[in-house]
Amino acid sequence: MTDYRNFKIDTDKDGIALITWDMPDKSMNVFNEEVLVELDKIVDQLVADDAVKGVVFTSGKSSFSGGADLTMITGMFSTVKAETARNPDTAQQVIFDLVGKMSWLWRKIETCGKPWVSAINGTCMGGAFELSLACHGRVAADAPSVKMALPEVKVGIFPGAGGTQRVPRLTNAQDALQMMTTGQNLDPKRAKAMGLIHEVAEPKKLIPTAKAMIKNGLKPVQPWDEKGFKAPGGPVWSAQGAQLWPAASAILRRETQGNYPAAAAILKCVFEGLQVPFETGLKIEQRYFTHILQTPQARAMIRSLFISLQELNKGARRPEGIKPVKLKKVGVVGAGFMGAGIAYVTAKAGIPVVLIDKDMDAANKGKAHSESIVQKGVQRGKTTKEAGEKLLSLITPSSDYADLSDADLVIEAVFEDREVKKTVTEAIEAHIKPSAIFASNTSTLPITGLAKNSRRPKNFIGIHFFSPVDKMMLTEIILGRKTSDKALAVALDYVAAIKKTPIVVNDTRGFFVNRCVLRYMNESYNMLIEGVPPAMIENSAKMAGMPVGPLSLNDEVAIDLSLKIIRAAIADMGEKAVDPRHLELVERMVETEGRLGRKNGKGFYDYPAKPGKKHLWPELKTLYDQQDASKIDVQELKNRFLATIALEAARTMEEGIVTDPREADIGTILGFGFAPHTGGALSYIDEMGAAEFVAMCKSLQRKYGKQFKAPKLLVEMAEKGETFYGRFGSSESAATRAAA
Ligand code: NAD
C-alpha cells in the first residue's frame with residue numbers, strides 16, 4: 001500500500017478500510033492542496049482494490065477537522081487576482097474549475113461504488129462536514145466536544161462543496177436554510193434529528209458502529225441518486241414551498257439587510273438546486289461560489305474574520321524573545337459588575353482566582369455571579385455539574401489583600417475614580433511580588449496617568465474588558481508610556497488563556513474602541529437634533545450593517561454614563577471639546593426626564609414589563625422639529641454612521657494609537673459590531689478606496705459639520721492611491737494579506 005503523509009489506512013479482515021486522517025505537523029486536520037491530492041489517490045486505490053468492501057473515514061486527532069485551511073483560501077484569492085490580471089476572458093473559467101475541486105472529489109467518493117462511512121469523533125466544520133455528507137453513512141460520537149456546522153457564511157462565503165445541495169436533500173428546506181445562513185453548530189442529537197447523520201454512538205463504539213453499518217449492507221448509493229427521489233421538504237413548487245420561499249427571502253432580508261451576498265447565494269443555490277438533478281445542482285452551487293468569492297464582502301470578511309482573527313489570537317502582537325507565561329494565580333480586585341465577570345472567565349480557563357472587595361459580603365456577591373452562570377449552564381446542558389463545581393472551586397472570595405501575595409497578575413476593577421484607583425493600587429502593591437503584573441480595567445482613565453500611582457510602572461498595563469465579560473470576545477490591551485514588553489507578553493498570554501481576542505493599543509483618552517463607538521452615538525445625537533425621525537435613525541444604522549441602533553446602544557451603556565463622559569471631557573479639555581447641543585440633549589434626557597437607559601426602564605426607548613416589547617420613547621420626536629421622512633436620503637444616513645466611525649479609526653492610526661490595521665478592524669467588529677460585512681472600519685475605507693472615501697467625507701462635512709473632516713493621513717493616502725493594509729501592513733502576514 002502506498003504511504004500517505006496525512007492519512008493512515010488499515011484494512012481489517014472483513015475488508016473494511018479504515019482511513020485515519022492525522023496531519024503530522026498540525027494540531028487540527030485541515031484541507032490543503034496536499035490533502036486533496038492524497039485523498040484523490042486514496043479513493044482510486046481503494047476502489048481498485050477488490051479486497052476492500054467498504055471504507056470508514058475518521059480522524060486521528062481529538063477533533064475531526066476545521067475545514068479548509070488558510071493557504072487554500074488565500075490561494076483561491078491569489079488565483080482570482082492573478083487570473084483576472086492575466087486574462088480576464090478566461091479567468092472566470094479558471095476560478096470556476098478551481099472552486100469545484102473539492103466538490104467534485106466528494107462527488108467521486110459518493111459515486112465510487114463502495115460504501116463510505118464518516119465516523120465523526122470531534123468538531124467537524126465546513127468542507128469536512130460536506131465530505132461527511134457525501135459519505136453514504138454518517139455516525140457521530142456522543143460527546144459534548146462533537147459539533148458539526150457549515151459556518152462559511154460567517155466569513156462571507158458559503159458551503160461550496162456540495163453543502164447547499166446535500167443538506168436540503170436530507171432535511172427540510174427550512175431547517176437547511178436556517179442552518180446554513182446562520183452557520184449554527186449542531187450537536188449530534190440535533191444533527192440526527194435533522195436527518196444529517198444516521199447514528200450517534202458512544203465515543204468508544206464509534207468505529208465499530210461505523211463498520212457495522214457497512215457489514216449490515218449499507219448501499220453505496222445516495223438517496224438522491226436513486227430513481228424517484230423526493231426531497232424531504234417537498235418540491236419548491238408545492239403548497240409547502242409556497243409557504244416557505246417568499247417568507248424565506250423576506251426573513252433573510254430582515255436579518256441581513258442585503259449586506260451579505262453569500263447568505264442570499266445559499267437561498268438561490270437551494271431554491272434552484274432543488275429543481276434540477278443533483279449534479280446540475282452542484283454546478284449551480286459552483287457558479288454562485290465563483291461569483292461570491294470575488295465579492296468585496298468575501299474578501300474583506302475572510303481577511304478580518306478568518307485570517308486576522310486567527311493571527312491576533314495566536315499572538316501576532318506578542319513581543320519576541322519572552323517565554324510563554326503560564327499563570328498560576330490571578331487576583332481580581334473589585335468584585336462588582338466587571339470584576340465578577342473577569343473572575344468567572346479566568347476560572348473557566350482553569351486559573352485559580354482570588355476575588356477581593358472591600359468586605360466579604362461584596363466579595364461573595366461577586367462570586368455569586370459565577371455561581372449563577374454555572375447553574376444556568378448546568379440546567380441548559382452546556383456544562384456538567386462536576387465541571388461547574390471545579391470552576392467555582394477555583395474562585396476564592398476575600399477581603400484580605402495579603403491573599404494576592406502569590407498572584408502572577410492582578411486586575412483591578414474598582415470604581416472609575418482616580419483617587420479610589422490610587423488607594424487600591426497602593427494597597428495591592430504593598431502585597432504582590434515584585435514580578436507580578438498589575439492591570440487596570442479602566443474604561444476611560446489613561447494608563448500612563450494611573451501608572452503614576454505605581455512603584456513599578458513597567459509592570460503596569462491596561463486590560464480593558466467589555467461587558468458582559470463572559471460573552472464579549474474582545475479585550476483591549478493598553479500600553480502606558482512605561483509599560484514593558486514583559487507586561488505586554490503576560491497580558492497577552494492571559495488573554496489567550498481565557499480565549500479572548502486581544503488588540504494592543506497605545507494610551508489615549510477613550511483608548512480605541514470607545515473613541516470609535518462614541519462617534520456612532522454622537523452622530524445619532526446630531527440626527528436627532530436635525531429632526532431625523534428616531535425610527536429612521538435606528539433603522540438606517542441597522543441597514544448599514546450595525547447590529548444595534550445607536551439609540552438602543554446608548555440605552556444599554558446608560559445615558560447618565562454618556563453625561564458623565566461629556567462632563568469629564570469638558571472638565572479635562574474645556575468647553576470646546578464637546579458639542580453644546582449634545583450636552584443639552586443628554587442633560588435633558590437624564591436630569592429633566594429621568595431617562596437613564598435600560599437600567600431604569602426609560603431611555604431613548606421605553607421598556608415595558610414583559611410581555612411588552614421595548615419601543616422608542618414616543619415623546620422623543622417632540623424634542624426637535626421633525627423633518628419629512630420621505631425627503632431624507634437613507635443612503636446618506638447609512639454613510640454618515642459608517643464614515644464617522646471609520647474616520648475616528650483612521651485618526652487613531654494617524655496618531656499611532658493603533659498601529660496595525662488588523663487590530664482596528666477586529667476591534668471595531670468585536671467591540672461593537674461595526675458592519676461585519678465590510679471587514680471592519682479600515683477595510684471599509686480600503687474597499688471603497690481612500691480617494692472615494694475622502695470625497696464622500698468632504699461632501700458630508702459640507703452638509704453636516706467638522707466631524708467628517710478627513711485627517712491628513714487619509715488625504716495623503718487618497719492622493720497616493722494607498723490602502724491601510726498596504727501602508728501599515730506588518731511583514732509577517734503580508735503574503736496572506738496581499739492574497740486577500
Ligand atoms: P461596580 O461599581 O459594579 O464595581 C466596582 C466594585 O469595586 C464594587 O464591588 C466596589 O465595592 C469595589 N470597590 C470599590 N472600592 C474598593 C476598594 N477600595 N477595595 C476593594 N474593592 C473596592 O463597577 P464596574 O462597572 O464593575 O466597573 C469597574 C471598573 O471597570 C471601572 O474602572 C469601569 O470603568 C471599568 N469598566 C466598566 C465597564 C462597564 O460596562 N461597566 C466596562 C469596561 C470597564
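This is a predicted model: local features need pLDDT of at least 70, side-chain atom pairs count only at pLDDT 80 or more; totals for chains, interfaces and linings use all residues.
Over residues 329-508 the chain is 39% helix and 21% strand, where helices (H or I, at least four residues) and strands (E, at least two) are DSSP runs numbered from the N terminus.

Residues are numbered from 1 along each chain as its sequence is written, and side-chain values use heavy atoms, leaving out hydrogens and water.

Now step back to the whole chain. It has 31 helices and 18 strands. Its radius of gyration, taken over C-alpha atoms, is 28 Å, close to the 27 Å that the globule rule (2.2 Å times the number of residues to the power 0.38) gives for 740 residues, so the chain is as compact as a globular protein of that length. Of the 740 residues, 55% are buried, meaning under 20% relative accessible area with a 1.4 Å probe, counting protein chains only.

Finally, look at the start of the chain. Strand E1 (residues 7-11) pairs with strand E2 (residues 16-21) in the antiparallel sense over five bridges; DSSP must find at least two bridges for strands to pair. Ile9 has Ile19 in E2 as its bridge partner. Four residues separate E1 and E2 in this hairpin, and Gly15 in the turn has a positive phi of about 80°.

Terms used. Buried means under 20% relative accessible area, exposed over 50%, partly exposed in between (1.4 Å probe, protein chains only).
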